[in-house]
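Please read it alongside the sequence and the coordinates.

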Amino acid sequence: MKRRDFLRLQRPQFRGPAVLRPSGQLSSGLEPYTGPWALPQAAHLLRRTMFGAKQEDVQEALARTLDEAVDELLSTDPIPAPPVVDYNGPDVTDPYSAAGETWVDDPIDNQYDGYRIQSLKGWWVRQILEQPRTIEQKMILFWHNHVPIQFIEVFVGRWDYRYWETLRENALGNIRSLIRALTLDPAMLHYLNGQYNSVGAPDENYARELQELFCIGKGPNAAFTEEDVRAAARILTGWRVNYSNLDEAVFTRAFHVTEDKQFSEFYHGTLISGRAGLAGAEELDDLLEMIFDNNETALFLARRLYRFFVSDLIDATVEANVIEPLAELLRDNDYEVLPALSTLFRSQHFFDALTLGVMIKSPTDFVLGIFRELRMTLPDPSDLASRYQIAGTLNYVNMVLQQDLGDPPNVAGWPAYYQLPQYDKNWINTDTLPRRGEVLAWFLYAGISTQGNAYNSIIDVVGIVDRFQNPEDPNDLIAAAADWLFGLPPSPAFSASLKSILLSGQSDDTYWTVAWLEYKSSGSPMDYQTVYSRLQSFFYFLLNAEEHQLA
Amino acid sequence: MNRKEFLKYGAGSFVVPSMFNGLGIAKRANSWINSLSSAIVDTDKVLVLVRLDGGNDGLNTVIPLDQYGRLTMAREKVIIPENKVLRLDGLDQVGLHPAMGKMRDLYNEGKLKIIRSVGYPNPNYSHFRSTDIWMTASDSDEIIVSGWAGRYLQNEFPNFPVDFPNEDMPDPLSLEIGSFLSLAFQGPTNAMGMSISDPSDFYELIGGGIGEVPNTPAGEKLAHVRLIKRQSNAYGQVVKDAYESVNSQGEYPDTFLGEQLKIVSRLIAGGLKTRIYMVNIGGFDTHDRQVDPADHTRGFHAELLREVSDAIAAFMEDLRFQGTDKRVVGMTFSEFGRRIISNFSDGTDHGAAAPMFVFGHEIEGGMLGENPFIPLNATPADNLPMQYDFRSVYATMLQDWFCLPSDEVQLVMRNDFPILPLIANSDCVSTSTRDQYRNAGQTIISAYPNPFTERTTISFQSDGGQCLVQVFNAHGQLVATPAHGAYAMGEHQLDWDSETLPAGHYHLRLQNGLLQQVRPVLKVR
């Protein structure tokens, strides 16, 4: 037998996939949800609006009514202290600020900006890991995906931080204000060439993306023309990064096109009158008014919110029952985002059985969600170097899994949120799925650590199970774990496999019950080891389930 | 650490498991020890797609010299000095960017074909839309959800993925190097390929990726994850074995593209029967700093073209070293070219037609097409008209390289596109191997007659339980459901009347529990 033949024999065969065309029709709309408010619903709401659903967050949410829980989620977090110099080490010492002091006001210096960006990304990850029970961090990621820059492309730490701050300040606010602020954001002016946009040689980059990606979108009726792109580019001429005050843009009249700008039928033939002198700056507001006045903008934003928080599947029914009413809420509230979110997260549609588990977890949902849910810990705030390293490691993992926070692949954000027909299936391929499995093995069996293992955090499987209501009952334990961590309930066969891990292959439930209760009463290292090793395998099997990839 | 160093090395060193490496993110020494067999000689042909992501500036890549004065007026900010343009044997009115010395040599050896001004009617200037058009080979104004390579592979392996991998086709149908699978490889319902960033790694996932899935939208996602888990486990070892069976390779430049093409060459030499590979290089969206204002032969674009040119030349050399040179051709593509005029930021905005390169030891070298016309006072609205439709290039690869019969080429490409003189030696004779591939796996749904005029008999196999037979049109829309209900285990037949459906290509789809299969059918007048 040749080697290849031998290998072939050992290779698992598999039959075709079960890609089913859903028979169930999602016909519910934005009317208030009236069904049960229990673990599956609370975990669903928290998973979609935060990064993972921690046990205590689920309990707190369930101690409230749905309305109260949503109110809490939609509240605003305290303003975070800015990132600090936490990267000093053998290779680098930032001369501008001392360790522990913030670097965000320090001059541009590309010898240090790479470290500052790394510091910013680590700081961002820690904001997520230590997030209060609100939607704010998820909204920041939503806006980052919707109006992205690439931190490394910009390569100025303080601008990247300003950009992030702009997202945070406006995360739950007015969308037009956010887009206006980002249009004049130094990092954005740099990233999409606004600062090179000039009379004589207009640069269309930002003008195109403003319409195609940020506002009007590519819906069936998004019929802006190439002439509209050029007209918008001419309106936006003259805005420059201000190198004497690095944090704001300056309008430079000499670079501005002063002629009138004519738009197409799509914009009802709007003519924005060209203005000479500093008045040219006012054209931006006319442009944004015209764009936000167009209903395609409201529809597009509603679809983007829906695809990020609910599901990628938008058919004619969903368009009519959810998208159009959401768009109307946006317009009726002058593009404040909160009323639309508030209605969505209390709606029948959001809690429809067909909505549960329909999203594939993004890498950050998966990695940072596990870190939070499974109670992994960050080093003490005083240990700057270790915190920098652990957060940097997590960023690295997210990058390998294809979601590098701060550096999406391009100005359209991550393909999982726009690429037909796969959408979030894009997250899972033959390269990334095995790596997700590796992450699980790593966190469960080795733990995440710093250089030399000075700091290590490993999943405390016993501590997690100890928080369950009846951890001694293997059936309750399995049901509680799956309800909490899975987007879809597991099959009976899968639950049986989980149980056989707990029972070490025996059939009597009391094997586990006795093992657990003995550990609880004696606390002896040997009894601990008995439950620890079984729970490690239990969680490895549980977390590797395909159902755990869904949210 | 400046931006370039930062990109190359990252900042700080983090503790990650040794296996946990992404391509180009962390490098480590490959083990060259495992050399169980020498290269397996195979007659199967391979196509390598090199994607230049962002929209390559064609006018600074293949530079027309007959209207150099007008070109200089139009693109003063980025123009390459005339005396720096690399000349091609036998041509005095056109040349290559100075960073492309290696590709110039390939051209002069007859191993590079340059196709001028490739595009499509009614160009779209959005990266994302235009990328989808190139990936799906759709018309400018239609949305198609399957990729051209995916449709080709579905045509060649109509039973995929039922009982794949198997003895006849043990390997992935297509491979993209990296952690993402492009739309080009998407079939009518399934991805027809896999992505892998480090073939020396194989991490076997636990759990078989099997089990019932509910007939809901969430169930469809679950089924996707299960399929990918099964494919990862089934193909991961195959790819690793092929990779490790090759113990020496030619020299490659230490670049992202060089590294990817090195992997491709190694997998081909390792005996994979994979038909199509894709590698990617980003950064071509050169709105700003395309050139160094002090020296237009330098700058971001020059670095990119050098990376492409050097990597392709190294790949070509390695193919010969491995003895796989006769089996492989490659081509570059990009979603569009760039504007004729330069902008204020030493760059160029999105444009239309641009050149494509086809490379290989079996191709017909030379130049196709003419220098484009450069208007005297070019405006921002001026773009290069296309001379060749990109779908002609695809169709030629299918017909003259993969030996697909012309009627099937039309089916895959969804239209009749002229065949171009790209391949010197097609060698399309034997069909026995092809039949073997087409019969690989298990057929669980078929139609006879096919093509049909009004009625056809659909045969399908049930493992028992619910069966769903559906018909989709070429745009992926559901147009009929000939069967939906419980069917006993065994073969079933039903007579289907296509009624008022227009003539054209359709897909017949069976779903029965975990099984599903899609087969093309053709309605004719």
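For a chain of 525 residues, a compact globule would have a radius of gyration near 24 Å, and chain B agrees with this at 24 Å. The model is predicted. Chain B contains eleven helices and 21 strands.

**Overall form of chain B**

- Taken along the principal axes, the box filled by the C-alpha atoms of chain B is roughly 75 × 55 × 45 Å.
- Of the 525 residues in chain B, 55% are buried.
- When contacts in chain B between residues at least 6 apart in sequence are considered, 71% of them join residues at least 24 apart.

**Packing of H3(B) and H8(B)**

- Helix H3 (residues 101-108) of chain B packs with helix H8 (residues 300-322) of chain B at an angle of about 45°, and the two axes are 7 Å apart.
- Because of that angle, H3(B) is oblique to H8(B).
- From H3(B), the residues B:Gly101, B:Lys102, B:Met103 and B:Leu106 meet B:Ser309, B:Asp310, B:Ile312, B:Ala313 and B:Met316 of H8(B).
- The residues of this contact comprise five nonpolar, two polar and two charged.

**Nonpolar cores**

- The largest nonpolar core has 174 residues, of which A:Ala232, A:Ala302, A:Leu326, A:Leu330, A:Val367 and A:Phe539 touch the most other members.
- Helix H14 (residues 295-309) of chain A gives the most to this core, contributing eight residues.
- Apart from this core lies another, of 138 residues, which includes B:Ile80, B:Tyr125, B:Leu183 and B:Val471.
- Beyond its neighbours within four places in sequence, A:Leu330 is in contact with A:Ala298, A:Leu301, A:Ala302, A:Tyr335 and A:Ala340.

**Backbone features**

- Most residues other than glycine have a negative phi, and most peptide bonds are trans.
- A:Tyr335 has a positive phi, near 65°, and lies in the loop between helix H15 (316-332) and helix H16 (338-344) of chain A.
- A:Tyr335 counts as buried because it has 20 C-beta neighbours inside 10 Å.
- B:Asp346 also has a positive phi, near 55°, and lies in the loop between strand S10 (338-342) and strand S11 (348-350) of chain B.
- With 20 other C-beta atoms within 10 Å, B:Asp346 is buried.
- The peptide bond from B:Phe164 to B:Pro165 is cis, with omega near -5°; B:Pro165 is in the loop between helix H5 (148-156) and strand S6 (174-177) of chain B.
- B:Asn450 and B:Pro451 are joined by a cis peptide bond with omega about 10°, and B:Pro451 is in the loop between strand S15 (445-448) and strand S16 (455-462) of chain B.

Note on methods: Residues are numbered from 1 along each chain as its sequence is written. Chains are lettered from A and ligands numbered from 1 in the order in which they are written. This is a predicted model: local features need pLDDT of at least 70, side-chain atom pairs count only at pLDDT 80 or more; totals for chains, interfaces and linings use all residues. Axes are lines fitted to C-alpha atoms, for helices over the stretch in contact, and angles run from 0 to 180 degrees between N-to-C directions. Helices (H or I, at least four residues) and strands (E, at least two) are DSSP runs, numbered from the N terminus. Angles under 35 degrees count as roughly parallel, over 145 as roughly antiparallel, 65 to 115 as roughly perpendicular and the rest as oblique. Two residues are in contact if their C-beta atoms, placed from the backbone, lie within 7 Å. Ala, Val, Leu, Ile, Met, Phe, Trp, Tyr, Cys and Pro count as nonpolar, Asp, Glu, Lys and Arg as charged, and the others, Gly among them, as polar. The radius of gyration is taken over C-alpha atoms; the globule rule is 2.2 Å times the number of residues to the power 0.38. A residue is buried if 20 or more other C-beta atoms lie within 10 Å of its own, exposed if 12 or fewer, and partly exposed in between; C-beta atoms are placed from the backbone. A nonpolar core is a set of buried Ala, Val, Leu, Ile, Met, Phe, Trp, Tyr and Cys residues joined through C-beta atoms within 7 Å.
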